[in-house]
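Hello,

Here is the structure I promised to pass on to you. Please have a look at it first, and then read my notes below.

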Amino acid sequence: MAARLNPTAKKLIRQSRNKKDALIPLLQDIQAIYGYVPSEAVDLIAKELSIFPVEIYGILTFYTQFYLTARGRYTIKVCQGTACHVMGGKEILDYLSDKLGIRKGETTPDGMFSLERVACLGCCGMAPVIVVGSDFYGRCSIQKIDELLDKYRSKRAKKVK
Amino acid sequence: MDIKILICMGTSGISAGAEEVARNFESELKQRKLAGKCRVIKTGDRGLFRDTLVDIITPELGRITYEYVKPGDVAGIVEKHLLEGKPVKELQAGEDYKQFFSGQNRIVLSNCGEIDPEDIDDYTAHNGYNALKKIFNMTPEDMIEEIKKSGLKGRGGAGFLTGLKWEFCRKARCPQGTDDVKYVICNADEGDPGAFMDRSILEGDPHSAIEGMIIAGYATGANEGYVYCRAEYPLAIKRLIRTISQARKKGFLGKSILGSSFSFDINIKQGAGAFVCGEETALIASIEGHRGIPMPRPPFPAQKGLWGKPTLINNVETLANVRHIILKGAQWFSSIGSEKSKGTKVFALAGKVKNTGLVEVPMGTTIRQLIYGPGGGMADKKAGFKGVQIGGPSGGCLSEELLDTPIDYESITGTGAIMGSGGMVVMDARTCMVDMARFFLDFTVTESCGKCVPCRVGLKRMLEVLEDITGGRGKEEHIDFLQEMGTNIKDTALCGLGNTAPNPVLTTLRYFSDEYQAHIKDRACTSHVCLGLLKFEVMKDKCVKCGICYKACPVGAVDWKKKEYAKINKDKCIQCKACINACPFMAIE
């Protein structure tokens with residue numbers, strides 16, 4: 001199955017052979033390539049690092065950063081930190097979930113958006129905060145969310161044309 | 001260059017559009033042929049959010065601060081301030097800005113917002129690495145003594161004496177027959193929701209933490225260090241990588257530092273999103289490439305830590321204090337603060353307070369002084385102060401009568417909260433305390449590693465009960481259950497996460513019991529937060545017919561005409577609470 005992995009990923013995995021603390025950074029690098037950690041990568045890592053796949057899945061499911069399935073084009077992270085909660089972060093998450101028709105952790109059927117909740121982004125002064133892709137948006141309101149979703153959808157539409 | 005232009009560009013600044021402001025300054029200066037005379041310095045966040053803060057320092061006018069600078073304002077500022085020599089009055093920082101910085105004693109944050117964090121020369125021009133140069137005239141034992149005398153305590157939460165920790169690690173021996181190796185770890189896994197001082201230090205003054213690590217390495221006899229930083233802080237990681245490579249080039253890191261026999265180098269480890277990894281033993285497991293699951297202590301990491309070797313773990317803010325103590329002396333440091341807690345503490349002030357941001361005050365300052373001094377009081381005067389949450393998910397909610405509690409480790413612990421990493425979230429009448437307790441428990445249940453039963457199962461049961469109460473299914477006996485279960489978990493959980501997780505519930509039960517009673521007996525949430533208890537009806541005695549709710553509703557479910565009471569059409573309502581949050585009179589319940 002490892003045939004489906006691209007050469008960069010294969011090289012990264014081979015380079016980590018026998019490095020005792022390499023596993024988590026390696027998985028982070030693999031995720032940086034694919035947006036998630038494909039099962040083919042897990043199999044190859046297990047072989048190269050001489051560990052059981054179950055150990056790798058143990059790590060993948062323990063840390064919230066890792067995904068086992070493909071992500072949407074834009075990942076929307078909604079901050080659920082204390083300050084954001086007090087300023088209405090939960091309503092923002094509920095609204096987004098409703099509007100996109102997906103729950104947290106899921107991806108829209110068109111592959112546009114994935115929805116995530118994060119514990120705290122450390123931007124409490126601008127609460128409530130959401131992150132779309134790598135862009136931070138502070139002092140969010142439900143109106144602002146509508147505008148943002150439209151903005152990203154039209155950005156995508158333009159690119160497709 | 002005689003003219004300096006400082007632009008605040010931390011994560012918060014950038015998200016508010018500081019990059020465009022900086023670009024405009026650069027192009028405007030070029031166009032007006034001023035580029036040779038001015039230096040544009042992109043600093044970290046200064047601690048106050050005023051999208052965007054710009055300081056201009058000229059020999060004629062001195063230092064003038066502008067706030068809320070938009071990209072479109074730049075041309076005007078350059079024209080008036082730099083060419084005509086007249087400050088732009090409308091944009092000058094006002095009273096709030098002054099109030100925010102008065103009453104603070106900025107030691108750890110002294111460079112944040114003042115220097116270019118990506119330029120090592122700017123740091124050395126501000127006394128940087130001078131403490132490192134000084135240590136080679138001292139023995140490690142003298143240095144440990146100095147840190148002990150200063151009274152510095154760990155700023156990560158537990159408040160253990162830093163000097164003592166260093167001494168334990170210095171004296172610890174490696175297991176027989178193995179190499180004599182020790183490690184220093186900088187804990188930058190700032191997971192407490194509501195705390196962001198470590199991020200600001202790493203973004204605004206990363207060299208200060210690195211210098212602290214090198215000094216700690218010298219004192220404990222370690223030659224290798226790790227910075228364990230959350231992956232959620234991409235800018236901090238980027239700056240750390242740069243900082244370390246710059247320090248290596250200048251000979252502050254690497255083999256035989258500054259010509260001495262001492263060698264020290266630092267690796268960066270990115271966290272992968274697990275709150276429990278802020279706990280020392282879990283952090284070590286994570287660096288070793290395992291699931292971040294805590295181990296029972298003892299043995300403490302200072303004796304048996306990373307790869308089984310003695311390991312010193314200090315928090316970012318603690319390490320950033322070190323260079324100041326070495327430079328100015330233990331006596332100077334211990335003259336600041338209260339009797340038992342020395343120095344300053346950085347608080348992340350957020351929530352319903354007027355000025356939100358990072359505030360550094362001497363230990364012993366009261367909570368009231370902090371909120372009504374730098375904080376500028378409540379954002380919405382009408383809603384009034386209700387409580388303040390200190391210490392994140394491990395801390396507690398304190399009520400108004402505790403506002404005069406001095407901020408030091410002992411006094412805060414006495415209230416049932418803990419100092420934690422210094423998150424401080426202010427809450428007003430629109431915050432439901434039962435919901436707050438549920439919120440924190442929801443967080444700790446999600447983040448529990450699952451190893452020990454009290455934390456894994458006990459917290460879950462407590463959360464279910466709180467969900468019942470906020471959902472309108474509360475029973476009288478729930479209060480006793482929460483009290484008993486909370487106390488038991490505190491006594492029996494394995495690590496700091498579980499030991500402190502019931503604090504938010506226990507403190508709200510103690511200081512806000514009337515709200516629990518209202519939820520259970522009257523089936524009412526007086527703060528209009530808990531969805532299960534809301535009716536989405538307009539109360540005519542409070543409604544002033546202003547129509548704000550009508551404008552706020554995203555689905556057009558509010559019927560309103562001028563001079564008429566608003567009415568909510570329940571068939572259309574999606575219960576998003578936009579109207580409730582928008583209403584200035586709390587007229588919708």
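This is a predicted model: local features need pLDDT of at least 70, side-chain atom pairs count only at pLDDT 80 or more; totals for chains, interfaces and linings use all residues.

Let me start with chain B. Its domain assignment gives domain 1 (3–93), domain 2 (127–333), domain 3 (344–428), domain 4 (433–521) and domain 5 (535–589). I looked at how domain 1 of chain B meets domain 3 of chain B. Their C-alpha centres lie 32 Å apart, and four residues from domain 1 of chain B and four residues from domain 3 of chain B make up the contact.

Together, domain 1 of chain B and domain 3 of chain B bury about 280 Å², with 51% of that area on carbon and sulfur atoms. On the domain 1 side, G47(B), L48(B) and F49(B) account for 80% of the area buried against domain 3 of chain B, more than any other three residues. Sorted by class, the side of domain 1 of chain B that touches domain 3 of chain B holds two nonpolar, one polar and one charged residues.

Now to chain A, where helix 4 spans residues 53–62. Its buried residues are I56(A), G58(A), I59(A), L60(A) and F62(A). These buried residues of helix 4 of chain A pack against helix 2 (23–34) and helix 3 (39–49) of chain A.

How values were computed
Residues are numbered from 1 along each chain as its sequence is written. Chains are lettered from A and ligands numbered from 1 in the order in which they are written. Side-chain values use heavy atoms; hydrogens and water are left out. Domain bounds come from an automatic or database domain assignment. Contact means heavy atoms within 4.5 Å. Buried area is the accessible area (1.4 Å probe) that two parts lose on being put together, summed over both. Ala, Val, Leu, Ile, Met, Phe, Trp, Tyr, Cys and Pro count as nonpolar, Asp, Glu, Lys and Arg as charged, and the others, Gly among them, as polar. Buried means under 20% relative accessible area, exposed over 50%, partly exposed in between (1.4 Å probe, protein chains only). Helices (H or I, at least four residues) and strands (E, at least two) are DSSP runs, numbered from the N terminus.
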